[in-house]
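Trainee: I have just opened this entry and would like to be walked through it. Could we look at it together?

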Amino acid sequence: MKIHARLTALIVAAFFAGAAHASGERIGSEAGGALVAKGALMPLEEILLRNEALIDGRVIEIELERKAGGYVYEIKVLRRDGRKIELKFDGRSGEPRGKGK
């Protein structure tokens, strides 16, 4: 599945879901944009494109959080077989940080 077709709408909607979690501080779209502009954070679009093969499904939610180790993009994906998974990516490098639930 190509991510490009839904990318713009996804990026706009991604930061407006839910409240902060106890495990990390949720970063909103304005703060995320400022971090990208400063070079402290890789743009979400770049992370999605670099990791398209790993994501391999429909992105259903994206969160950006500040945790002890830095910024983390948490991307929830609905796989083709119907399973939901959560993937985590380092906010600065875009490298996978392991799977969540």
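**Salt bridges and their surroundings**

Mentor: Lys 88 is partly exposed, with a relative accessible area of 23%. On this scale, buried means under 20% relative accessible area, exposed means over 50%, and partly exposed lies in between (1.4 Å probe, protein chains only).

Trainee: What should I know about the model itself?

Mentor: This is a predicted model, in which local features need pLDDT of at least 70 and side-chain atom pairs count only at pLDDT 80 or more, while totals for chains, interfaces and linings use all residues. Residues are numbered from 1 along each chain as its sequence is written, and side-chain values use heavy atoms, with hydrogens and water left out.

Trainee: Back to Lys 88, then. Which side chain does Lys 88 meet in a salt bridge?

Mentor: Lys 88 meets Glu 86, at 4.0 Å from N to O. A salt bridge here is a side-chain nitrogen of Lys or Arg within 4 Å of a carboxyl oxygen of Asp or Glu.

Trainee: Is Glu 86 buried or exposed?

Mentor: Glu 86 is buried, with a relative accessible area of 7%. Both residues belong to a network of salt bridges that links Glu 65, Lys 67, Glu 74, Glu 86 and Lys 88.

Trainee: Where is Glu 65 found?

Mentor: Glu 65 is found in strand S2. Helices (H or I, at least four residues) and strands (E, at least two) are DSSP runs, numbered from the N terminus. Glu 65 is buried, at 0% relative accessible area, and its side chain makes a polar contact of 3.5 Å with the side chain of Lys 67. A polar contact is a pair of N or O atoms within 3.5 Å; within protein, one must be able to donate a hydrogen and the other to accept it, and residues adjacent in sequence count only if both atoms are side-chain atoms.

Trainee: How many salt bridges does the count come to?

Mentor: The count comes to 10 salt bridges. One of them joins Asp 56 and Arg 80, whose closest N and O atoms are 3.3 Å apart. Asp 56 lies in the loop between helix H4 (52–55) and strand S2 (57–67), and Arg 80 in the loop between strand S3 (70–79) and strand S4 (84–90), so the pair ties together parts that are 24 residues apart in sequence. Asp 56 is partly exposed at 33% relative accessibility, whereas Arg 80 is exposed at 60%.

Trainee: And what does Glu 61 pair with?

Mentor: Glu 61 forms a salt bridge with Lys 76, the closest N and O atoms being 3.6 Å apart. Lys 76 lies in strand S3 and Glu 61 in strand S2, so this pair ties together parts that are 15 residues apart in sequence. Lys 76 is partly exposed at 22%, and Glu 61 is partly exposed at 23%.

Trainee: Changing topic: which residues have the most contacts inside the largest nonpolar core?

Mentor: They are Leu 48, Ile 55, Ile 62, Tyr 73, Ile 75 and Phe 89, in a core of 19 residues. Helix H3 (44–50), S2, S3 and S4 each give two or more residues to this core, and S3 supplies the largest share, four residues. A nonpolar core is a set of buried Ala, Val, Leu, Ile, Met, Phe, Trp, Tyr and Cys residues joined through side-chain atoms within 4.5 Å.

Trainee: What does Arg 66 touch?

Mentor: Leaving aside neighbours within four places in sequence, Arg 66 is in contact (heavy atoms within 4.5 Å) with Gly 24, Glu 25, Ile 27 and Tyr 71. Arg 66 lies in strand S2 and is partly exposed, at 36%. Its side chain makes polar contacts with the side chains of Glu 25, at 2.7 Å, and of Tyr 71, at 3.1 Å. Arg 66 and Glu 25 are 41 residues apart in sequence and 5.1 Å apart in space, C-alpha to C-alpha.

Trainee: Tyr 71 again. Where is its contact Leu 35 placed?

Mentor: Leu 35 is in helix H2 (residues 29–38) and is buried, at 12%. Not counting residues up to four places away in sequence, Leu 35 touches Ile 27, Ala 40, Leu 41 and Tyr 71.

Trainee: Finally, how many helices and strands does the chain have?

Mentor: The chain has four helices and five strands, following the pattern α-β-α-α-α-β-β-β-β along the sequence. Buried residues make up 39% of its 101 residues.
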